[in-house]
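Hi,

Here is the model I promised to pass on.

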Amino acid sequence: MSIKARLLLVLIPAILILFGALLLLSFRQSEHTVLTQINRESYELARAHAREFDILFESSRQVAEGIATSVGSMETLTPESVDLLLQGTFSRNPGIYGSTISFVPDKTPLGRYAPYYCRAAGGDLKFQSLADPAYDYTRWDWFRQPLADGRGHWTEPYLDTGGGDILMTTYAYPVWHKGELVGVATVDIALTELVDRLERFAGRRGGQAFMVTEAGRLIGRSRQIVGLLVSQESFWDIAERSSDPHLKELALLLRDPEPNFVDMTDPYTRRPSLVIDARIESIGWTLAIIAPRDVVLQPLIQLRNTVIPIAVIIVGLIVVLLLAVSDSVTKPLARFLGQTDNYSRGDFAERLAEDKGPREIRRLAGSFNRLGQAILDQIENVKTSTAQKERYRQELMIAADIQRSILPRQFPPFPELQDRLDVYGYYRPAREVGGDYFDFLRLPGGAVGFVVADVSGKGAPAAFFMAMARLLVRAMAGRGYSPAEIARRANHLLFEDNEAGLFVTLLYAEYHPASGRTRLVSAGHNPPVLRRADGRTEEIRPNPGIPLGVMPGAHYEVMELTLAPGDTLVMYTDGVTDIQDAQEEDFGMTRLCDAAGAAPAGDAQAMADAIVAAVSAFAGEQPQPDDITLVTLIRRGGEAAAAGPEGRPEEVIQMVLPARTGVLARVAMMVESAAREAGFIRSEAERIVLAVDEVVSNVIEHAYGPGTAETFELRLGTSDDALRVTVTDYGQPFDFDAASRRYDGHATPDQPVGGIGLFLVREVMDEVRYEPDTVDGNRVTLVKFRKADDAPATDEVQD
Amino acid sequence: MQVEVSSIGGKWTILAPQGRVDAHTVDDFETAVRKELAAGARWLAMDLASVPYMNSAGLRVLLIALKAVRPLDGGVVLVRPQPQVQEILEISGFMNIFSVVADTDGLS
């Protein structure tokens, strides 16, 4: 139900009841006032009429008595004197209709004498003798009664047929003459006129008027009540007989000598009516007016007829006003409805006028507008944050690209070493981009390097830091630095310009494929697990250094171990050990060792997969909070003996020399010294010197243009079993293979003069590798393994 | 590097490098050889007794000398090579194209 309908439904009945009550009350009051007024007025009028009639009757009585007195005082009674008296009286009293002096026939000399004067039509005096035998006045009551009791009498009203159908009443008074009753003097009063006056009076009030004689005869114009002027039967008798309570009530009322004003039902018309009566004392009659109530209360009805339309109009106006007010409430609601439609369409920029309507509506409009603005602001915020997220996402994509480019993709990474080692790297980022990486490196001298690292932070900065750390480690490793030196230098360089305060924990393993010797350095990284070929596992705990990039001048210590054939080194990041199960328990070292021990041996990828499967099974549905990185390194081949007592670590001499031939003698000395140090006999040492000399000479003479002040790098790595020499230049690379095959060892006098040097190198060394354009330049690696029969003992003999 | 030059019996020109023959010193050796060739020497004896070390650059000079005298029916002999030089000569296969003598006395 609408507000408007509800408002109208409640208020209109209330107003109608209020108005109705007011009207009713006012009508009651008015009615009372009117009735009181009418009461007083009618009473007064009725009394006045009664008085007037009283006077008339009284004067008529006096006239009759005067006539009687005059006759009594006459000396002699003559017809002339009697006539004269009558005529005189008549003319002096215009209210009298007729008059007679009728004598008892045998008492006076006048004998049977009854002169009668009355007013004819037109007002002329008319004489009539009542002594007409046909009439015989002596028989009439009006004559006999006064004579009988010597007092005056009013007759009941009667229709005078003699004088011409006039309703009249007569006062008859005895005439005394000289002590004797000699006759009767009468005065006739025509009631017709009286009744007419009464009728007019009553008619003005819509009622009917009538009189009731003492005997109960009714006089009036009302045919209904009276009949023809005067009723023949006594009303008292009629009422007596009747069973009509109203008729009885009316009779009772009329007999009451007191004046009355009564509200009752008209016994004739049956309408609610008002009855007023008053006593005419002189004659003992009662004058009554009976008028219909509604007619009497006509003014009241008129009032009602005026007031009700006005009330209706007022109520109508109020309804219209209510409608307007309810509209003023509901129309703004429609505006708000429209506004919510706007909002639901996504149009939050629409604004409602805040200066229209009542205060509440204005405030609501303001509130709506603020809501719209707040939503707009919110949308703007969401857009902004979405844009930020997008930027962040793109940053992450870049970082992910960097990371993808960093992680090794080729397995196996060192195909030429497949019979010496098997390595596999597994990486699973926690989110889009992680902070972990791993790396595989070829090192000067034939060793390989493995890196597992965890960069603090996420996103692009961390990725760049990671890339930087990786390149630094690669560069240092490529220069042949020892693991500790690599960590020290990388830390030093990473610390510089590290405004973001990033750092990286790192485990670096240098692995010698031939011997299984492994040198480890940890920069705050998780200790690796060594899984022996038989399934036993142990934690390897290199001295944990400080993460790279944290503190300048940090030192790192190398830990050395030897992998026996079938042994596996498991390197990982804390994402493996820190992952939690539903009970928030860490995976931990013990489980990692168990998983590594239970994993199938002999295959690096299978080993990694088994450990990852154990981690995944442990974590179940739990989210992976950090990257998971795992590198498994298995030593392959080699004799078990090689895994015996750990060998001496490789000693490296590394120098950068000017690319001038003047250094050659010194190089030769150093190489020979290193070779001897490595346990080679003199002749072997000299052959090695030759090979290195050839390579270095080649670099000095051909790598650079003439007159340049360039340098090259010489690295001599000596260990128990081999000498590893690398010569790195930074000049033009060349086709080493082709150059080294120009001479095949069959000398002829006609042969070309070039190519001999490289032939010698290949003849002398066990391994010769040329890597042009490495990060460090063009690198020649020469390896000479010490043979078992090159025992120092024989060496002494030969010396 | 000094290269001592002498002759025996007017036929043989003896060149004796004094020290290592490597990329650093080979130019002196080569210059001396070319000078003698230019002077008409056809029989060259390379006295290697004072050469503790020689590399392929020295071999190259020996080959140049051999190539130069062969069309003139001349010859090149290597005299008293030290062990290292002996070794390189063997490895390089140059022993097949050069004759080695113990001393210059046998030259004629």
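This is a predicted model: local features need pLDDT of at least 70, side-chain atom pairs count only at pLDDT 80 or more; totals for chains, interfaces and linings use all residues.

**Chain B**

Chain B has 108 residues, and 45% of them are buried. There are 3 helices and 5 strands in chain B, and if you walk along the sequence they come in the pattern β-β-α-β-α-β-α-β. Of the contacts in chain B with a separation of 6 or more, 69% are between residues 24 or more positions apart.

**Where the chains meet**

The contact involves 24 residues of chain A and 24 residues of chain B. On the chain B side, helix H2 (56–69) and helix H3 (83–92) each bring in at least two residues. H2(B) gives the largest share of that side, with 8 residues. By type, the chain B residues touching chain A come out as 11 nonpolar, 7 polar and 6 charged.

**A sheet in chain A**

Chain A has an open sheet of 5 strands, in the order E15-E16-E17-E18-E21, with antiparallel pairing. Strand E15 (436–442) and strand E21 (559–562) sit at the edges, each pairing on one side only. From one strand to the next, the twist averages 15°.

At the E21 end, strand E18 (residues 517–523) and E21(A) are paired antiparallel over 4 bridges.

Helix H10 (residues 459–478) of chain A lies across E15, E16 and strand E17 (504–511), and runs at about 155° to E16(A).

**One residue in that sheet**

Phe450(A) is part of strand E16 (residues 448–455). Is Phe450(A) buried or exposed? Phe450(A) counts as buried because 25 other C-beta atoms lie within 10 Å, and the cut-off for buried is 20 or more. Leaving out neighbours within four places in sequence, Phe450(A) contacts Val423(A), Phe440(A), Ala509(A), Tyr511(A), Met571(A), Val631(A) and Leu633(A). Thr632(A) is 182 residues away from Phe450(A) along the chain, yet their C-alpha atoms are 9.8 Å apart.

**Nonpolar cores**

The largest nonpolar core is made of 75 residues, and Ala185(A), Phe210(A), Ile219(A), Leu287(A) and Ala288(A) have the most contacts inside it. Helix H1 (residues 3–73) of chain A provides the largest share of this core, 10 residues. Both domain 1 (36–186) and domain 2 (193–298) of chain A put at least three residues into this core.

Ile219(A) is a handy place to start looking around. Not counting residues up to four places away in sequence, Ile219(A) touches Pro157(A), Leu167(A), Leu191(A), Val195(A), Phe210(A), Met211(A), Val226(A), Leu229(A) and Val230(A).

Apart from that core there is another one, of 74 residues, and its members include Val692(A), Leu714(A) and Leu760(A), along with Leu78(B).

That's the lot from me.

Cheers

Notes
Residues are numbered from 1 along each chain as its sequence is written. Chains are lettered from A and ligands numbered from 1 in the order in which they are written. A residue is buried if 20 or more other C-beta atoms lie within 10 Å of its own, exposed if 12 or fewer, and partly exposed in between; C-beta atoms are placed from the backbone. Two residues are in contact if their C-beta atoms, placed from the backbone, lie within 7 Å. Ala, Val, Leu, Ile, Met, Phe, Trp, Tyr, Cys and Pro count as nonpolar, Asp, Glu, Lys and Arg as charged, and the others, Gly among them, as polar. Two strands pair if DSSP finds at least two bridges between them. Axes are lines fitted to C-alpha atoms, for helices over the stretch in contact, and angles run from 0 to 180 degrees between N-to-C directions. A nonpolar core is a set of buried Ala, Val, Leu, Ile, Met, Phe, Trp, Tyr and Cys residues joined through C-beta atoms within 7 Å. Domain bounds come from an automatic or database domain assignment.
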